[in-house]
Amino acid sequence: MSDPHYFDPVTGARHALDEARWCSDARTPLMISPLPGISPDDIDRRERSLWRYRAALPGAVTRPVSMGEGGTPMVERAWGGLRPLFKLEWFNPTCSFKDRGAAVMLSWLRQIGIGAIAEDSSGNGGAAIAAYGAAAGMGVTIFAPAYTSSAKVAQIRAFGADVRLVQGPRENAETAAIEAAERIFYASHNWQPFFLQGTKSIAYEMWEDFGFEAPDNVVIPAGAGSNVLGCAIGFAELLAAGQIKRLPRLFVAQPRNCSPVDASFHAGVDTPVPREVLPTVAEGTAIKRPVRLREVLQAIRASGGQTVAVPEADIVAAVRRLAAMGLYAEPTSATAAAALDMLRARGAIRETERTVVLLTGTGIKATQFMTDLYSAA
């Protein structure tokens, strides 16, 4: 196997990992070349964070930017005849899974000499980048849609980031950030490949927690799909290392009102398919054109998984059902729980299988939504 490097999945172009890159020369997203994976003996058991799996990274990080991210618990609950394990990613420092990617990405960028960064986000990604940027001593500018919840904007500003609110749909914030990339490095959680090296730790974590076995199914809420790709990369490495016998099936849940991955999956193509986009309570997944759509679809199909488009009423009902069992999840996360009913009805998930549902962020991130929902109760 050649030394780890960036590569363009479309053209095959390669670039060194110490280049300050967020995309290819053709302005397409890069990936990091496949890695060999690790064994239980490679786990750094002195660490109580995702850095216990640092041997699985493509390069040595000499001074990680860390606040204890990773190591999130799984709790089993009954759900309509199933007994899934809900993995509570809100136990990360800024209360979402995106801390995993931010920690690894910013550790690497600081190591190669990047001192200031820009990012676009509808909330959780921006909070993670702002927090880890502060911890790394980096200047941070976040471009966010003007409709982003005030609680998420407040959290980003609390970490000292310069927040630029952008009118219009989610993609306008991305456009503004890319324009700013002429002046400041674009550390996008959707574009920069080291972010996926952080999110893949969730696969390693499940593997270790299940006694070095893979679950049968993982249900994931997805907008841009960084958690989907992280799981796909991590489990593919474990399969290559001979540590698991098969890939778990990856099931992707999106709100019906913004479901480009589901539209393309059911059309049997890897390219965008027209589907009406409407406002959704699951604002964290409201991404009309995922930049890694092709790779996300390939990961789902390679695993034998499926996609689900969830109606708004079902998302809200899932928020209530989760809260009634003690799990305070934001609507984006609840989309994955709501998908369980549809997947079971299809026969895609069975009672005898080990199923993990990723709850990616807390209801505290959706304070106004939760206030309105329960004030009307």
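Trainee: By class, how many nonpolar, polar and charged residues does the lining of the largest pocket have?

Mentor: Keep in mind that we're looking at a predicted model. In that lining, 17 residues are nonpolar, four are polar and three are charged.

Trainee: What volume does the largest pocket have, and which residues are closest to its centre?

Mentor: Its volume is about 490 Å³. The lining counts 24 residues, and Met31, Ala232, Ile233, Ala236 and Ala299 are the ones closest to the centre of the pocket.

Trainee: Which elements give two or more residues to the lining of the largest pocket?

Mentor: Look for β3 (31-32), α7 (226-240) and α9. Helix α7 supplies the largest share, seven residues.

Trainee: And cavities? How many of 30 Å³ or more does a search of the whole structure find?

Mentor: Five of them. The largest cavity has a volume of about 210 Å³. There are 21 residues in its lining, and Phe97, Lys98, Gly223, Gly284 and Thr285 are the closest to the centre.

Trainee: Which element gives the most to the lining of the largest cavity?

Mentor: That's α7 again, with three residues. By class, the lining of the largest cavity has 12 polar, six nonpolar and three charged residues.

Trainee: Let's move on to charges. How many salt bridges does the structure hold?

Mentor: The general idea comes first: side chains of opposite charge can pair when their charged atoms come close. In this structure there are 25 salt bridges.

Trainee: Are Arg21 and Glu19 buried or exposed, or something in between?

Mentor: Buried means under 20% relative accessible area, exposed over 50%, and partly exposed in between. Arg21 has 15% relative accessibility, so Arg21 counts as buried. Glu19, at 30%, is partly exposed.

Trainee: What else does the side chain of Arg21 meet?

Mentor: There's a polar contact of 3.2 Å between the side chains of Arg21 and His15. You'll find His15 in strand β2 (residues 14-15). His15 is buried too, at 10% relative accessibility.

Trainee: Which parts of the chain does the salt bridge between Lys288 and Glu171 tie together?

Mentor: Start with the pair itself: the closest N and O atoms of Lys288 and Glu171 are 3.2 Å apart. As for accessibility, Lys288 is partly exposed at 34%, whereas Glu171 counts as buried at 16%.

Trainee: Which residues are linked with Lys87 in a network of salt bridges?

Mentor: Glu89, Arg100 and Glu205 are linked with Lys87 in that network. Glu89 is placed in the loop between β5 and α1 (98-111). With 0% relative accessibility, Glu89 counts as buried.

Trainee: How far apart are Glu89 and Asp25, in sequence and in space?

Mentor: They're 64 residues apart in sequence and 35 Å apart in space, C-alpha to C-alpha.

Trainee: Back to Lys87. Which residues lie on each side of strand β5?

Mentor: In a regular strand the side chains alternate between the two faces of the sheet. For β5 (residues 85-88), Leu85 and Lys87 are on one side, with Phe86 and Leu88 on the other. All four are buried, and both faces of the strand are covered.

Trainee: In which sense does β5 pair with β4, and in which with β13?

Mentor: Strand β4 (residues 74-76) pairs with β5 in the antiparallel sense over three bridges. In that pairing, Met74 has Lys87 as its bridge partner. With strand β13 (residues 355-359), β5 pairs in the parallel sense over four bridges.

Trainee: Which residue in β13 stands opposite Leu85?

Mentor: It's Val356 that stands opposite Leu85.

Technical notes. Residues numbered from 1 in each chain as written. Predicted model: local features only at pLDDT ≥ 70, side-chain atom pairs only at ≥ 80, totals over all residues. Heavy atoms only, no water. Salt bridge = Lys/Arg side-chain N within 4 Å of Asp/Glu carboxyl O. Buried < 20%, exposed > 50% of the residue type's maximum accessible area, 1.4 Å probe, protein only. Pairing = 2+ DSSP bridges. 1 Å grid on protein atoms, 1.4 Å probe; cavity = no way out; pocket = protein on both sides within 12 Å on 5 of 7 lines; lining within 4 Å. Points joined across faces, edges and corners; volume = space filled by probe spheres on them. Nonpolar A, V, L, I, M, F, W, Y, C, P; charged D, E, K, R; others polar. Polar contact = N/O pair within 3.5 Å; in protein donor to acceptor, adjacent residues only side chain to side chain.
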